[in-house]
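Work through the exercises below with the model open beside you, and try each task before reading its solution.

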Amino acid sequence: MTKKEIVIKIADETDIKQIDVKKVVQMTLDHIIASLAMGETVEFRNFGIFKIKSRKPRLGRNPKTGESVEIPGKKVVTFKAGLVMKEKVK
C-alpha cells in the first residue's frame, strides 16, 4: 500500500478532501522523521515503536577479492511491532 492509497481510503471513509488528508498524513510523517532525527523514540500504542540504534564500526570482507574492508558505524531506524499489530498479522 502506498501513501496515496492510504490518503484515498481515509478520504473516502471520512468525507474529507484528499488534499486535506494528504497534508495531515505528510505532516504526521514529517514529525515522525524530525523526532527520530533528534534521537527520540516514536511510540504508537498497539501499533509499534520506531527507534534509532547505533551500529558500531566493523571489519567486513569484499566477497569478490577477499580483501578486508572497514565498515563505518552508522545510525539506523528500527521498528518493533506492537501487540495489536502482531495479533492481526498472525
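## The sheet and its helix

The predicted model holds an open sheet of 3 strands in the order β1-β2-β5, with antiparallel pairing, where strands (E, at least two residues) and helices (H or I, at least four) are DSSP runs numbered from the N terminus. The edge strands are β1 and β5, each of which pairs on one side only. This is a predicted model, in which local features need pLDDT of at least 70, side-chain atom pairs count only at pLDDT 80 or more, and totals for chains, interfaces and linings use all residues. Residues are numbered from 1 along each chain as its sequence is written, and side-chain values use heavy atoms, with hydrogens and water left out.

**Exercise 1.** Trace the pairing of β2 with β1 and then with β5.

*Solution.* Begin with β1 (residues 42–44), which pairs with β2 (residues 48–55) in the antiparallel sense over 3 bridges; two strands pair if DSSP finds at least two bridges between them. Here Glu 43 stands opposite Ile 49 in β2. In the hairpin, 3 residues lie between the strands, and Asn 46 takes a positive phi near 65 degrees. Next, β2 and β5 (residues 74–81) pair in the antiparallel sense over 8 bridges, with Ile 49 opposite Lys 80 in β5 and Ser 54 opposite Lys 75.

**Exercise 2.** Which strands of the sheet does helix α2 touch?

*Solution.* Helix α2 (residues 18–37) packs on the sheet and touches β1, β2 and β5, contact meaning heavy atoms within 4.5 Å. The direction of α2 makes about 135 degrees with that of β1; axes are lines fitted to C-alpha atoms, for helices over the stretch in contact, and angles run from 0 to 180 degrees between N-to-C directions.
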